[in-house]
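Please keep the structure in view while reading.

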Amino acid sequence: MISTTIGETNTTPAVISPPENSTRREVLGLEMLIETPENVILTYQLAGPAKRYLAYMIDLAIRMALTLGMWIVVPILGIVLPGTAMGILLVLMFLNTWGYYTISEGFFKGQSIGKHICGIRVIRDGGYPITFWPALLRNLVRSADAIIFYGVGFTSMLLTRRFQRLGDLVAGTVVIQERTLSLPRKPVILDKIQPLNKNEIGSFLPRDEILSLIDEFIGRRHVLTYDRGHALAAVLANNLAERLNYSGDPKKLTQYPMAFLASVYKTFSFSQEEEEQEFVSAYHPRNQTAEVNLE
């Protein structure tokens, strides 16, 4: 399926095509360059120690508030379940200490609450999203980074090119600064697009989400290369053709998948409006006739 990251705001890395005969090199600074197997260089902006420290302080305040809540609620719970209050408190304290970062970073796209507020995110050093096990490993080493009031972790960040603390080095992760950018949108001109022949499709009706996705994709087709746009359009076009039981010209799918998507959009985005207009047109003459008879 086509990812809906093609939207008004985008936090994906910037894409730079490498010049010919360029050599791969490390750049000292906040920019991290990653070369993909397709020879495309992705650029990320690394998060510095100051912003990471601010995010940590926000998370620390949240964890302290949770701890305070535990000390208030658990004794009350102990009245209902005597003898278990201390055990419940120890389990909750363990989860608050070791599970807060692991769960938030492993299941919420590399962001704790503090990181989300500060606009930073943990990713793998290869440029792809972090998963649960690297998040667990990264935060198990946090106890070593926290020695001397996080002096070990801070020193490690200053001595590495990508501002990695010990947990980042062990888990193979980096912390990046999210960048929000607006993608220009070209209008979708459907005047020259013919809708699908109703005799060549079944009764399947695409959801509004699918039609919105097609609209977004076609409107921002120019931000992709022709080959990449063709490949992405072909995935959705073939999937929709199968659901629609499309029996028309197969060249529309193999050679012109984007035009096929435009035809699907025009067919089903205007069908409801046309049905409503037909109902209104049929109702008004009937209503006018009734008024004439009453007179």
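## Helices H1 and H6

Two helices count as roughly antiparallel when the angle between their N-to-C directions is over 145 degrees. In this predicted model, H1 and helix H6 (residues 147-159) pack at about 150°, so H1 and H6 are roughly antiparallel to each other. Their axes lie 11 Å apart, and the crossing of H1 and H6 is right-handed.

Helix H1 covers residues 49-80, which makes 32 residues. At 1.5 Å a residue, H1 should span 46 Å, and the 46 Å between its end C-alpha atoms agrees with that.

The buried residues of H11 are Pro257, Phe260, Leu261, Ala262, Ser263, Val264, Tyr265, Thr267, Phe268 and Ser269.

Helix H9 (residues 226-244) packs with H11 at an angle of about 50°, and the two axes are 8 Å apart. H9 and H11 are therefore oblique to each other. The crossing in which H9 passes H11 is left-handed.

## Aromatic pairs

Five aromatic pairs turn up in a search of the whole structure. One of them joins Tyr100 and Tyr101, edge-to-face, with 5.1 Å from centre to centre and 85° between the planes. Tyr100 is buried because its relative accessible area, 13%, is under 20%. Tyr101 is also buried, at 2% relative accessibility. On the ring of Tyr101 there is a further contact: the charged end of Arg142 sits over this ring, 3.9 Å from its centre.

Phe107 and Phe132 form a tilted pair, with centres 5.5 Å apart and planes at 40°. Phe107 belongs to helix H2 (residues 85-107) and Phe132 to helix H4 (residues 132-140), so this pair ties together parts that are 25 residues apart in sequence. Phe107 is exposed, with a relative accessible area of 55%, whereas Phe132 is partly exposed at 28%. Ring pairs link Phe107 and Phe132 with Trp133 into a cluster.

## Positive phi values

Where in the chain does Lys109 lie? Lys109 is placed in the loop between H2 and helix H3 (113-118). Its phi is near 60°, a positive value in a residue other than glycine. Lys109 is exposed, with a relative accessible area of 66%.

Phe163 is another residue other than glycine with a positive phi, here near 50°. The loop between H6 and helix H7 (166-171) holds Phe163. Is Phe163 buried or exposed? With a relative accessible area of 18%, Phe163 is buried, whereas Lys109 is exposed.

Conventions. Residues are numbered from 1 along each chain as its sequence is written. This is a predicted model: local features need pLDDT of at least 70, side-chain atom pairs count only at pLDDT 80 or more; totals for chains, interfaces and linings use all residues. Side-chain values use heavy atoms; hydrogens and water are left out. Rings of Phe, Tyr and Trp (its six-membered ring) pair if their centres lie within 6.5 Å; planes under 30 degrees apart count as stacked, over 60 as edge-to-face and the rest as tilted. Buried means under 20% relative accessible area, exposed over 50%, partly exposed in between (1.4 Å probe, protein chains only). Helices (H or I, at least four residues) and strands (E, at least two) are DSSP runs, numbered from the N terminus. A charge sits over a ring if NZ of Lys or CZ of Arg is within 6 Å of the ring centre and within 35 degrees of the ring normal. Axes are lines fitted to C-alpha atoms, for helices over the stretch in contact, and angles run from 0 to 180 degrees between N-to-C directions. Angles under 35 degrees count as roughly parallel, over 145 as roughly antiparallel, 65 to 115 as roughly perpendicular and the rest as oblique. A crossing is left-handed if the near helix is turned anticlockwise from the far one by less than a right angle, and right-handed if clockwise. The expected span of a helix is 1.5 Å times one less than its number of residues.
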